[in-house]
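Here are my notes on the model, point by point. Have the structure open while you read.

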Amino acid sequence: MAQFAHDDDSVVVIVGSGAGGGALANELCQKGVKVVLLEAGARQSSATFINDEWPSFNQIAWLDARTTSGSWRVARDFPTLPAWTCKTVGGTTAHWAGASLRFHDYEFKARTTYGAIAGANLLDWPIGLDDLAPYYAKAEDKMGVTRTNGIAGLPGNNNFKVMYNGAAKVGYQECSTGRMAINSAPRAGRGRCMQLGFCFQGCKSGAKWSTLYTEIPAAEATGNLELRANAHAAQIEHDARGRASAVVYFDAQGQKQRQKAKVVCVACNSIESARLLLLSASGQFPHGLANSSGQLGRNYMRHTTGSVYATFDEPVHFYRGTVMAGIIRDEAVNNPKRGFVGGYELETISLGLPFYAAFLDPGAWGSSFTSFMDDYARTAGMWIVGEDMPQETNRVTLSETVKDQFGLPAPNVHYDDHANDIAMRNHAYKQGEAVYAAVGARKVMHTPPYPSTHNLGTCRMSAKPGDGVCNAWGQTHDIPNLFISDGSQFTTGAGENPTLTIVALAIRQSDFIADQLSRRNI
Amino acid sequence: MMDRDTRLQTRPASGLDSVSSFGVERRSLLKTSAMLTGVLLAQGAIGLLAPSLAWALEVKTIDQKQADTVLRLAKVLYPHEGLEDAVYALVVKAIDEQAADPATRQLVAAGVEALNAQAGGTWLTVSPDRQHDIVAALITDPFVQKVRATCITTLYNNDMAFAHFGYEGEAFSKGGYLHRGFNDLKWLPDPSLEASPAPYSA
């Protein structure tokens, strides 16, 4: 691994080592660009990941101070935990389930396709599927996505068998074990899926793609990467010209450090990316960096989610094997006749007994709740993931009262469901219930959204500088050597799990940054 | 069975001592403020796994009546037929540990008094239906909420509960479920091979 001096101002500094930052770091290093990668969390490995939900959560989840507001149920049930993301090398690629779906073309054109929706701050992306398709292909190869590049699909588990049979009975056509960045066979030096059932806890077999043991070691091998773990970014500094010049961070000992930079890329997951730019406000940028539009922190999206759990007379043991073992794609279309715009996916989900208790129906007690727990081994489950509407008032701001362990203002996450979100969720609950009823469900639970893992949109891309934070390359409109490199650049959320798109955008952005560096434009 | 026995003993969240000798009890009585004891059902899911059927929980901070009240409150909040008291006792253990903090100790004392006041005497001795109704009336009480939240993170987070509810827990050391039933469901037809390909075999 390389080592760079703190005053070396020739390096690209990337903040965050997850899907966006980790992939971008590797792509730049492969092109010969020197990179310092700052990661707030510690470095774990497949060997140190834990097959036990609460201890794992304490090992890898982002647990720094956060607050919530708004009418979303997460604010009531988990007021200090708006998101289920990670603070560890590899970021939330430690926790993600592996679903790797391309967006539909229409989803890049949400404003044009859906029209004006009251209360929604819809905007078309400045890029389309044609722009991203070659990068999707590269991302799928890099990540080893099943059903692409000649890679076989994964074998379905018991939870999938229930979904598949129910889907067939209600007439769905597109149900399979889907496209997953989980090795169905050994590939790229990583083993095959052992059907552990702990995808959310960091994959101990290494079959699931994570930047921790793919992109980051590959980048280290080039001699162009210095990874600094336990390095918590606090501020991005700029020079008199208004160019990003350094990143200030707290190291493992809590000491303040300053790394000079030629280029700064922000990839901290949407809550922290917006927070870091807000924390970096200065005399020249009084409302935060790259916020001349006033859109920084706004249009926070989290997908329209929810879960449907159903109990049966016979055993399912849904916790055995891949968590997202299968998908129904028939509802991932824009069909306003359903009473909402945009589409959604239905994907199997399972939770271990401890987290099933915590998330099934937060706050509930009594025999109606415990009867579901009693049927745990006879339960099947699916997760709803659909497009939610961007709203200006759904936003990340800095708390005026709560501070984190470094004395920095904590982020507050405000979210209200849009009427479109609610209509979509209710439709999905009904469809999910029908799938399970078709194969003999006894009881069905409509589980409310979990703390968000898909955090999107707080630094969105826009063609016009007045509409968003960054351009089609993730380059901020205001500061040419400051980039947004994670899901916060999403203009709209689409109905698909975001990681594949984050990685595709990172690969595309690496081409742009390398080209701009070679032209001395940044 | 060796594997299962050691799991029950070593998982920290289990936390109960099996009473294998009086020495253990006597040595710790000095710092014990209350004691919960019981005997596991020999043929229950947990009894079959346990190294000993007798169990004991030493309570260090809260008193006996408070410990008994927390135990009963956990059972009213999250009733499970056949779930051993040994599992509910873990909630008492967790509350007792939290009560090392004086504010929590005060919360427990006030909460138990509130339940008793609502019962017009001793909440523990009124009928189960009345106990339930009193808890429902006091569900927003901070003590009741603390016990409720502690139930969620404790009751279902130990090897005895895993055995009772049929969750197999840690999987990596056993090779995952690839050869241990990840697709053994037989009450529905198998999906097509197109939708669900056969597992890879080298």
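Which residue of chain A does B:Glu168 meet in a salt bridge? The partner is A:Arg320, at 2.8 Å from N to O. A salt bridge here is a side-chain nitrogen of Lys or Arg within 4 Å of a carboxyl oxygen of Asp or Glu.

1. Ground rules. This is a predicted model, where local features need pLDDT of at least 70 and side-chain atom pairs count only at pLDDT 80 or more, while totals for chains, interfaces and linings use all residues. Residues are numbered from 1 along each chain as its sequence is written, chains are lettered from A and ligands numbered from 1 in the order in which they are written, and side-chain values use heavy atoms, with hydrogens and water left out.

2. The interface. Chain A and chain B bury about 4200 Å² between them, and carbon and sulfur atoms account for 64% of that. Buried area means the accessible area (1.4 Å probe) that two parts lose on being put together, summed over both. On the chain A side, A:Lys161, A:Arg320 and A:Trp365 supply 18% of the area buried against chain B, more than any other three residues. In terms of contact (heavy atoms within 4.5 Å), 54 residues of chain A and 48 residues of chain B take part. Three salt bridges cross this interface.

3. The main core. A nonpolar core is a set of buried Ala, Val, Leu, Ile, Met, Phe, Trp, Tyr and Cys residues joined through side-chain atoms within 4.5 Å; buried means under 20% relative accessible area, exposed over 50%, and partly exposed in between (1.4 Å probe, protein chains only). The largest one has 216 residues, and A:Ile236, A:Leu482, B:Val135 and B:Tyr156 have the most contacts inside it. Helix α12 (residues 499-518) of chain A gives the most, with ten residues. Helices (H or I, at least four residues) and strands (E, at least two) are DSSP runs, numbered from the N terminus. In chain B, domain 1 (4-167) and domain 2 (172-202) both give residues to this core, so it lies between them; the domain bounds come from an automatic or database domain assignment.

4. A:Ile236 up close. Leaving out residues up to four places away in sequence, A:Ile236 touches a set including A:Val264, A:Leu277, A:Ser280 and A:Leu482.

5. The charged network. A:Arg66, A:Glu272, A:Arg275 and A:Asp404 are linked by salt bridges. A:Arg275 pairs with A:Glu272, with the closest N and O atoms 2.8 Å apart. Those two are three residues apart in helix α8 (residues 269-279) of chain A, so about one helical turn separates them. A:Arg275 also bridges to A:Asp404, again at 2.8 Å. That pair links distant parts of the chain, 129 residues apart, with A:Asp404 in the loop between β14 (395-403) and β15 (409-414). A:Arg275 and A:Asp404 are both buried, and A:Glu272 is buried too.

6. A contrasting pair in chain B. B:Glu58 and B:Lys60 meet in a salt bridge at 3.7 Å, N to O. B:Glu58 counts as buried because its relative accessibility is 14%, whereas B:Lys60, at 43%, counts as partly exposed. Over all chains the count comes to 33 salt bridges.

7. Chain B overall. Chain B has eight helices and three strands, and 45% of its 202 residues are buried.
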